[in-house]
Amino acid sequence: MDTDAQHTERDHSPAPDQGPEQRSRFARLRTATANLHRRPATLLALCLAFLLLLSAFVMQPFLIPSSSMENTLRIGDRVLVNKLAYRFGGEPRRGDVVVFDGTGSFVHSDSGENPVTALVRGAGAALGLARPAETDFVKRVIGVGGDRVTCCDKRGRIKVNGEPVTEGYLHPGNAPSSVDFDIVVPEGKLWVMGDHRARSSDSRDHLGEPGGGTVPVDKVIGRADWISWPFSHWTTLDHPRSFDAIPAPAGTHG
């Protein structure tokens, strides 16, 4: 038989049967390859869901949007808000830095934000990647329910229940307040102020409104405990000792 005939016979010979075992092995390989392509997306979705749940119930990153808490908190800082701080019977204390929903106290009208935009922004805010809602604020608690908060004594200091407070956290050069006030904080409410008093819109700015500038305790989202970003600002937000000498509020106030 000549060479051309041999080539012809080889070219037209049927391919060897792979057999069921080899076909099954190839099928498993294709399935594993497809799973590898899907796995990163699945892991990303699971991580995102976990972070959103963590933010909703335990610890929420909060982007500082303004200068009202300088120099304690600066624009662009991310603080970690402890949502469990007051969850099990705890109450905000004088000196705590809290994040709260100002709807009904600091804000009295709907922002009119598009629902889809609000959803996207809310997800970003929950991860500390976007500005918080216009109704969310971060301030320091100066007075709690029953306290009498006044401004100011002869040395320009705020007094709580008759005791002057030395506020070492104030922005350099700021007076404790340029507005005089004398208020008894209703039970279940808080009197809050920013550390940068000259730049802070806080309880003082809502004195003549319903609630007298106070914030309901049940509107508090959580306590700011740490600055997590940028790394150069990383620190815990310690409770100031300047409130340790404040006496308990009297039973009645004249």
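A contact here means heavy atoms within 4.5 Å. This is a predicted model, in which local features need pLDDT of at least 70 and side-chain atom pairs count only at pLDDT 80 or more, while totals for chains, interfaces and linings use all residues. Residues are numbered from 1 along each chain as its sequence is written, and side-chain values use heavy atoms, with hydrogens and water left out.

**Stop 1**

Select Ile 142. Leaving aside residues up to four places away in sequence, Ile 142 touches Arg 94, Val 149, Ile 158, Val 160, Glu 167, Tyr 169, Trp 191, Val 192, Met 193, Arg 197 and Phe 243.

Now widen the view to the nonpolar core. The term covers a set of buried Ala, Val, Leu, Ile, Met, Phe, Trp, Tyr and Cys residues joined through side-chain atoms within 4.5 Å. Buried means under 20% relative accessible area, exposed over 50%, and partly exposed in between, with a 1.4 Å probe and protein chains only. The largest such core has 15 residues. Ile 142, Val 149, Ile 158, Phe 181 and Trp 191 have the most contacts inside it. Color β5 (148-151), β8 (181-184) and β9 (189-193): these are the elements that give two or more residues to this core. Strands (E, at least two residues) and helices (H or I, at least four) are DSSP runs, numbered from the N terminus.

**Stop 2: the four-stranded sheet**

Stay with β5 and show its neighbors. Which strands make up the open sheet, and in what order? The order is β7-β6-β5-β8, with antiparallel pairing. Strands count as paired if DSSP finds at least two bridges between them. β7 (163-164) and β8 are the edge strands, each pairing on one side only. Between β5 and β8 there are four bridges, in the antiparallel sense. Pick Arg 148 and look across: Val 184 in β8 stands opposite.

**Stop 3: the disulfide**

Select Cys 151 and Cys 152. They form a disulfide (a pair of cysteine sulfur atoms within 2.5 Å). Their sulfur atoms lie 1.7 Å apart. The structure holds one disulfide. The torsion about the S-S bond is about -55°, so the disulfide is left-handed. Cys 152 is partly exposed, at 28%.

**Stop 4: Ser 177**

Next, pick Ser 177, in the loop between β7 and β8. Ser 177 is buried, with a relative accessible area of 11%.

**Stop 5: salt bridges**

Side chains of opposite charge can pair when their charged atoms come close. A salt bridge is a side-chain nitrogen of Lys or Arg within 4 Å of a carboxyl oxygen of Asp or Glu. By this rule the count is nine.

- Arg 197 and Glu 167 meet at 2.7 Å, N to O. Arg 197 sits in the loop between β9 and β10, Glu 167 in the loop between β7 and β8, 30 residues apart. Both residues are buried.
- Asp 195 and Arg 140 have their closest N and O atoms 2.8 Å apart. Asp 195 is in the loop between β9 and β10 (215-216), and Arg 140 is in strand β4 (residues 136-144), 55 residues apart. Both are buried.
- Arg 157 and Asp 153 have their closest N and O atoms 3.0 Å apart. Arg 157 is partly exposed at 21% relative accessible area, while Asp 153 is buried at 17%.

**Stop 6: strand β2**

Move to β2 (residues 78-82). Four of its five residues are buried, so the strand is largely enclosed by the rest of the structure. Five bridges join β2 to β1 (residues 59-63), running antiparallel. Leu 80 in β2 stands opposite Pro 61. Five bridges also join β2 to β11 (residues 220-229), again antiparallel. There, Arg 78 has Trp 229 as its bridge partner.

**Last stop: zoom out**

Show the whole protein. There are three helices and twelve strands. Of the 254 residues, 37% are buried.
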